Amino acid sequence: MFAVIETGGKQYRVEVGDRLRVERLGVEASGRVTFDRVLLTAGDRTVAVGTPYVAGAAVEAKVVGLGRGE
């Protein structure tokens, strides 16, 4: 199963176990964040496309580190 989320004006395709580097979220290290701007979800035989977001869908993530860009 995967989902397409929107954060920081960008879209990301995410699956369980993925690691992403995204813009500032305002969360402490080792914190958790919920992305509720889910544009698409897809499973074994199901696909849900939002208009613009999928109703009731959310992706939870754990913050593993904080850093700065170049």
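Here is a walk through the strands, the core and a few single residues.

**Before you click**

This is a predicted model, so a local feature needs pLDDT of at least 70 and side-chain atom pairs count only at pLDDT 80 or more, while totals for chains, interfaces and linings use all residues. Residues are numbered from 1 along each chain as its sequence is written, and side-chain values use heavy atoms, with hydrogens and water left out.

**Stop 1: the hairpin**

Select residues 2-7, which are strand β1, and residues 10-15, which are strand β2. Strands here are DSSP runs of E with at least two residues, numbered from the N terminus. The two run antiparallel and are joined by six bridges; for strands to count as paired, DSSP has to find at least two bridges between them. Together β1 and β2 make a hairpin with two residues between them. Click G8 in that turn: its phi is positive, about 65°.

F2 has E15 in β2 as its bridge partner, and A3 stands opposite V14 in β2. While you're at F2, show the side chain of R13: its charged end sits over the F2 ring, 3.9 Å from the centre. (To count, NZ of Lys or CZ of Arg must be within 6 Å of the ring centre and within 35 degrees of the ring normal.)

**Stop 2: the whole sheet**

What is the order of the four strands in the open sheet? Reading across, you get β2-β1-β4-β5, with antiparallel pairing. The edge strands are β2 and β5 (47-49), each pairing on one side only. From one strand to the next, the twist averages 15°, using lines fitted to C-alpha atoms as axes, with angles from 0 to 180 degrees between N-to-C directions.

**Stop 3: the core**

Select A3, I5, Y12, V14, V33, F35, V38, V54, A57 and V59: these 10 residues are the largest nonpolar core. Such a core is a set of buried Ala, Val, Leu, Ile, Met, Phe, Trp, Tyr and Cys residues joined through side-chain atoms within 4.5 Å. Buried means under 20% relative accessible area, exposed means over 50%, and partly exposed is in between (1.4 Å probe, protein chains only). The elements giving two or more residues to it are β1, β2 and β3 (32-35). Zoom in on V33, which touches L25, V27, V59, E60 and A61, leaving out residues up to four places away in sequence. Contact means heavy atoms within 4.5 Å.

**Stop 4**

Beyond four places in sequence, its contacts are Y12, V22, E23, L25 and F35.

Go back to T41 in β4, which is buried at 18%. Among its contacts beyond four places in sequence are F2, A3, V47 and V54.

Finish at G50, in the loop between β5 and β6 (59-62). G50 is buried too, at 15%.
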